[in-house]
Amino acid sequence: MPNSLPSPLPPKPETLREATSISMDRITQLQQSIDRMVSIFLTVVDKLNNTNLQIQDPQKFKSELRMRVEGEQQEIVQDICTNAKQIELLIGALPGLNRSEKDQIETFKILERELQEANEEYQRSVQNAGETIIFV
C-alpha cells in the first residue's frame, strides 16, 4: 500500500483563504491517513476471523501457518508504520502547534482584519455594480 508522505511545512499563508485552505487540506489528509490505518486494522481482523483452517497434520499446519503469517505480517507492519509516520507528520504540520497562544491570537486578529477589509471591498463592489446597472 504505497503512501506519499506530506511535504514539509508550507510557506506561511498570506491571506485568510490560503490559511483556511492549508488547514483544511492538512485536516483532510489526516482524516484519510486515519481512515487508511482503520482499514488496515479491519483487514487484519477480517483475515483472522475468516481464515480457513483445515487441520489434517498438526506439524505441517503449524509450519504452513507460520510461513503465511510471517509473510503477511511484514507487509502489515510496514503499512502501519508508514501510516503512523504520516499521521505524526500531519499532526505536526497543523497550524498552531508550534506557536504560543499569544501568537495565535495575534494571527487571528490579523486574519479578522483582512476578512473585514475583504467584506468592505465586496460591499463597495456590489454598490458600484448596482450604480452601474442603474446608469445603463
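So, the fold first: this chain has three helices and zero strands. Walk along the sequence and you read α-α-α. Please keep in mind, everyone, that we are looking at a predicted model.

How confident is the predictor, then? The mean pLDDT of the chain is 76, and 72% of the residues reach 70 or more. Helix by helix, confidence is lowest in H1, with a mean of 78, and highest in helix H3, residues 101–135, with 85. The stretch I would flag for you is residues 1–10, where the pLDDT is below 50. Those residues do make 23 contacts in the model beyond near neighbours in sequence. Still, where pLDDT is low, the predicted coordinates should not be read in detail.

Now for the chain as a whole. What share of the 136 residues is buried? The figure is 12%. The exposed surface comes to about 11300 Å², and carbon and sulfur atoms supply 57% of that.

Ile27 belongs to helix H1. Is Ile27 buried, exposed or something in between? Its relative accessible area is 42%, so Ile27 is partly exposed, falling between the 20% and 50% cut-offs.

Let's stay on helix H1, which covers residues 16–49, and turn to its surface. Which residues make the nonpolar patch here? They are Ile34, Val38 and Leu42, and together they give a patch of about 260 Å². Val38 sits in helix H1. Why can Val38 be part of a surface patch? Its relative accessible area is 42%, which makes it partly exposed, and patch residues need over 30%.

Last topic, charges. How many salt bridges does the model have? The count comes to one. The partners are Glu106 and Arg113, whose side chains meet at 3.9 Å, N to O. That pair counts because the distance falls within the 4 Å cut-off.

To take away, then: three helices, a nonpolar patch made by Ile34, Val38 and Leu42, a salt bridge between Glu106 and Arg113, and a stretch at residues 1–10 with pLDDT below 50.

How values were computed
Residues are numbered from 1 along each chain as its sequence is written. This is a predicted model: local features need pLDDT of at least 70, side-chain atom pairs count only at pLDDT 80 or more; totals for chains, interfaces and linings use all residues. Side-chain values use heavy atoms; hydrogens and water are left out. Helices (H or I, at least four residues) and strands (E, at least two) are DSSP runs, numbered from the N terminus. Buried means under 20% relative accessible area, exposed over 50%, partly exposed in between (1.4 Å probe, protein chains only). Accessible areas come from the Shrake-Rupley method with a 1.4 Å probe; for residues, only the protein chains shown count as cover. Patches are made of residues with over 30% relative accessible area and no salt bridge: like charges are joined within 9 Å, nonpolar side chains (Val, Leu, Ile, Met, Phe, Trp, Tyr) within 5 Å. pLDDT is the predictor's confidence in each residue, from 0 to 100. Contact means heavy atoms within 4.5 Å.
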